[in-house]
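Subject: A structure for you to explore

Hi there,

Here is the structure I promised to pass on to you. Have a look at it first, and then read my notes below.

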Amino acid sequence: MGRRAAGESPVARQILLLQVAVVVVLVVTAVALAAWDARRDSRDSARDQATAVARSVADSPFVRREVGTADPTTRLQPFAEEVRADTGTDFVVIMDTDRTRYTHPDPEQIGRAFVGDLGGAPDGQVFTQEYVGTLGPSVRAVVPVVDDGDVVALVAVGITVTRLDRQLLGDLPGITLAATATLAAGLLGAWLISRRLRRQTHGLGEREITRMYEYYRAVLEAVREGLLLVDADRRVQLVNAEAVRLLALPDDVEGRLLDELGLPPGLVEAVAQRTAVADQTYVLGQQVLLLSSSPAYWNQAEVGAVVTVRDRTELQAVTGELDLVRGLTESLRAQNHEAANRLHTIVSLVEMGRTEQAVEFATSELEVAQGLADELVSSVDEPVLAALLLGKTAQAAERGIHLEIAGGLPAELPISPRDLVTLVGNLVDNAFDAVAETRTTRPQQVRVDLHGTAGSLDVVVDDSGSGISLEDRAHVLERGWSSKAQEGRGLGLAIVAQVVSQHGGTLEVADSPLGGARFVVGVRSRASRPVESGAS
């Protein structure tokens with residue numbers, strides 16, 4: 001991990017500061033809006049209260065009677081002050097239609113003209129407004145006093161803005177307490193989020209995270225192996241192009257479960273059990289792959305797994321050819337050993353003066369060997385395959401295995417000699433290994449049936465081994481899996497499945513009459529394959 005750039009703070013701290021700023025702005029804005037709303041509500045409430053009081057005064061019979069007397073102030077002033085005190089308003093002014101006041105909280109203002117607008121009150125309507133009068137800014141309502149259908153006086157009731165502001169200040173502690181609680185809850189939530197984010201980002205800055213991501217991506221794409229990074233939930237988090245190519249993964253592989261990708265069950269199980277798996281060989285389609293898996297740790301805590309994939313297809317092909325050459329070499333060595341024994345026998349007979357018996361022994365051995373070679377050459381026109389089977393016959397004789405070869409093949413077949421040798425050689429080797437496991441309990445027998453034409457090839461190999469379980473047969477048919485790979489004996493069945501797949505053939509596994517397993521391979525040329533119904 002690189003050193004953090006100078007002046008760069010962790011992402012968690014930056015987000016914490018941003019969240020704190022957002023929370024503070026939101027709380028301050030909410031308090032301001034709440035104060036403004038409370039102020040507006042107080043104005044509306046004062047306007048409604050003033051209107052209600054003014055209506056009550058204007059509808060009073062006492063007021064209608066007194067405004068028509070010669071000295072209305074004498075009796076209306078005490079009445080108005082009593083109403084003002086009882087209703088909590090700041091002024092109750094009863095006036096003539098020409099604005100002359102009959103009552104006022106300040107007696108010096110009685111007889112003077114009313115200050116403010118009357119609106120439609122002289123015409124019988126209710127009028128409200130906020131106006132600066134003799135008592136200062138106030139919310140007021142003006143209501144007409146109607147007698148026999150005529151407006152005979154006006155009633156103005158008002159509440160000063162100063163009183164409303166005092167009431168608003170009385171509500172301010174509650175608003176402040178709610179704002180403080182909201183701010184504290186927001187800051188606590190921001191701190192908890194920052195703490196979790198710090199753990200998840202390991203206290204890194206944004207440039208460092210970006211740089212690490214770019215470097216990791218560059219490394220993933222630069223390596224020649226396929227790489228998959230899987231998290232603790234077995235979801236693919238990172239994958240390079242080579243892994244996508246080798247495993248035939250979909251474009252949207254990142255974020256998907258490992259179980260959904262069609263990978264070998266053994267590998268998926270290893271990742272699930274969090275165990276290390278090294279260089280396990282699998283055949284996917286026409287490719288032979290080496291897959292490894294290892295748990296990944298951060299600060300001694302497991303965070304997932306790293307899966308590596310290597311292509312072994314070409315190497316496996318060369319290895320298969322080398323195994324065939326090695327098998328032929330072993331066959332030649334076995335024949336050379338037998339020939340040396342026979343030669344020593346003939347020399348000893350000659351030295352003993354038994355020349356006739358020496359000639360008879362040499363002639364009989366030559367006839368047997370030549371007869372076997374002639375039989376193979378006559379039944380198998382492909383010389384490379386004939387040489388392979390001849391060598392396998394000698395190898396079987398040396399290992400005490402009874403090898404029977406039946407049928408025959410023409411020179412022209414739907415597959416190349418190289419693939420034919422790979423196919424038959426691996427099936428026979430697999431049969432030899434299978435019967436070797438049961439050599440102490442049953443006879444070692446292997447039978448090879450070969451039938452073919454220019455457009456078809458059928459190979460059946462039976463052995464007297466222990467057979468293959470139904471579960472393993474499914475692996476053989478579906479993925480070219482080889483039980484021998486698990487035991488360190490090679491990948492014979494996997495190579496066979498690969499060759500069969502390349503030529504569009506079939507591979508079937510069944511029980512053999514000899515007591516072991518039977519492998520049936522069928523390959524057809526494109527021209528001889530049956531046309532599907534409905535094809536044009």
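In what order do the four strands of the open sheet lie? The order is E1-E4-E3-E2, with antiparallel pairing. Strands here are DSSP runs of E with at least two residues, helices are DSSP runs of H or I with at least four, and both are numbered from the N terminus. Two strands count as paired if DSSP finds at least two bridges between them.

Before going further, a word on the model. It is a predicted one, in which local features need pLDDT of at least 70 and side-chain atom pairs count only at pLDDT 80 or more, while totals for chains, interfaces and linings use all residues. Residues are numbered from 1 along each chain as its sequence is written, and side-chain values use heavy atoms, with hydrogens and water left out.

E1 and E2 are its edge strands, each pairing on one side only. From one strand to the next, the twist averages 30 degrees. Seven bridges join E2 and E3 in the antiparallel sense, and Tyr 131 has Ser 138 in E3 as its bridge partner. Helix H1 (residues 11-58) packs on this sheet and touches E1, E2, E3 and E4. The direction of H1 makes about 30 degrees with that of E3; such angles run from 0 to 180 degrees between N-to-C directions, and axes are lines fitted to C-alpha atoms, for helices over the stretch in contact.

Arg 99 lies in the loop between strand E1 (91-95) and strand E2 (127-133), and its phi is near 85 degrees, a positive value in a residue other than glycine. Asp 148 sits in the loop between strand E3 (136-147) and strand E4 (150-160); its phi is also positive, about 55 degrees, although it is not a glycine. Is Asp 148 buried or exposed? It counts as exposed because its relative accessibility is 75%, whereas Arg 99, at 27%, counts as partly exposed. (Buried means under 20% relative accessible area, exposed over 50% and partly exposed in between, with a 1.4 Å probe and protein chains only.)

Now for the inside. The largest nonpolar core has 37 residues, and Leu 385, Val 446 and Leu 450 are among those with the most contacts inside it. A nonpolar core is a set of buried Ala, Val, Leu, Ile, Met, Phe, Trp, Tyr and Cys residues joined through side-chain atoms within 4.5 Å. Elements giving two or more residues to this core include helix H10 (383-399), helix H11 (417-436) and strand E11 (445-452). H11 provides the largest share, nine residues. Apart from this core lies another, of 20 residues, including Ala 54 and Ile 94.

How are H10 and H11 arranged? They pack at an angle of about 10 degrees, with their axes 10 Å apart. They are therefore roughly parallel to each other, a label for angles under 35 degrees.

Finally, the whole protein chain: it has 14 helices and 14 strands, and buried residues make up 39% of its 536 residues.

Enjoy exploring!

Conventions:
Contact = heavy atoms within 4.5 Å. Parallel < 35°, antiparallel > 145°, perpendicular 65-115°, else oblique.
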